[in-house]
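Let's take a walk through this model together, with the sequence and the 3D view side by side. Please have a look at both before reading on.

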Amino acid sequence: MKFFIDTANLDQIREAQALGVLDGVTTNPSLMAKEGITGKNNILKHYVDICNIVEGDVSAEVIATDFEGMIKEGEELAELHPQIVVKLPMIADGIKACKYFSDKGIKTNVTLVFSAGQALLAAKAGATYMSPFIGRLDDISTDGLDLISEIRLIYDNYGFETQILAASVRHTMHIMNCAKIGADVMTGPLSAIKGLLKHPLTDIGLAQFLTDYKKGN
Ligand code: E4P
């Protein structure tokens, strides 16, 4: 299972990278705005800064919502750095753009997926990644994890190579449940990743080992 961090915060990206388990980064326009990164040139520079911190794929989202605009923006993003993945919205023109980029060998991430039908279309269009937003489904009392299971079944039925990128992960149990279902990738906040570290018996056991070591030395 790949671990992506879902942020545009460079300190958090560095911390996750230093942990040694990071496979990539996802961003979106809201995450960029949260870090105060505005204006096209600053945003493009920020993507390059992120690519220079991590070794894996970095999703960069297009703003255009029409086919021609997405192609223009996506090509510009892809040229920024070899690690860039063009992130496209799950709309008709986004699917057309996904097919265009996948035919050209440019990696894509189809985002804002909320149904298995949308996931099927993204796979048919050759998406590298397809992002179902599980937290936002949970927010409206619909089980986001059920969607991941449904998509896993469909992709396995036909051997689709599109990777299921469980997005809108909000906490550590989301990560664990996605791992059980077989999501290929999860993207979430640093806090959710660090939650995997925690167990009181680890802390108690370590404290005991250190105490016992001191007794004998
Ligand atoms: C995915 O790529 C999105 O950036 C993200 O996971 C959205 O998460 P949110 O629902 O917590 O905003």
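The side chains of Lys45 and Asp49 are joined by a salt bridge, with 2.8 Å from N to O. Keep in mind as you look at this pair that the model is predicted. Both Lys45 and Asp49 belong to helix α3, which covers residues 40–53. The two are four residues apart, about one turn of the helix. If you search the whole structure for salt bridges, you will find 13.

Now let's turn to the ligand. The space it takes is the largest pocket. Which residues surround the ligand? They are Asp6, Thr26, Asn28, Leu31, Lys87, Phe133, Arg136, Ala167, Ser168 and Arg170. Sorted by class, this shell holds four charged, three polar and three nonpolar residues.

Zoom in on the oxygen atoms of the ligand next. For Ser168, the distance from a polar side-chain atom to a ligand oxygen is 2.6 Å. How much of the ligand does the protein bury? On its own the ligand exposes 340 Å², and 86% of that is buried by the protein.

Technical notes: Residues are numbered from 1 along each chain as its sequence is written. This is a predicted model: local features need pLDDT of at least 70, side-chain atom pairs count only at pLDDT 80 or more; totals for chains, interfaces and linings use all residues. Side-chain values use heavy atoms; hydrogens and water are left out. A residue is near a molecule or strand if one of its heavy atoms lies within 4 Å of it. A polar contact is a pair of N or O atoms within 3.5 Å; within protein, one must be able to donate a hydrogen and the other to accept it, and residues adjacent in sequence count only if both atoms are side-chain atoms. Accessible areas come from the Shrake-Rupley method with a 1.4 Å probe; for residues, only the protein chains shown count as cover. On a 1 Å grid over the protein atoms alone, a cavity is a set of points where a 1.4 Å probe fits but cannot get out, and a pocket is an open set with protein on both sides within 12 Å along at least five of seven lines; lining residues have an atom within 4 Å of a point. A molecule sits in a cavity or pocket if more than half of its atoms lie within 2 Å of its grid points. Ala, Val, Leu, Ile, Met, Phe, Trp, Tyr, Cys and Pro count as nonpolar, Asp, Glu, Lys and Arg as charged, and the others, Gly among them, as polar. A salt bridge is a side-chain nitrogen of Lys or Arg within 4 Å of a carboxyl oxygen of Asp or Glu.
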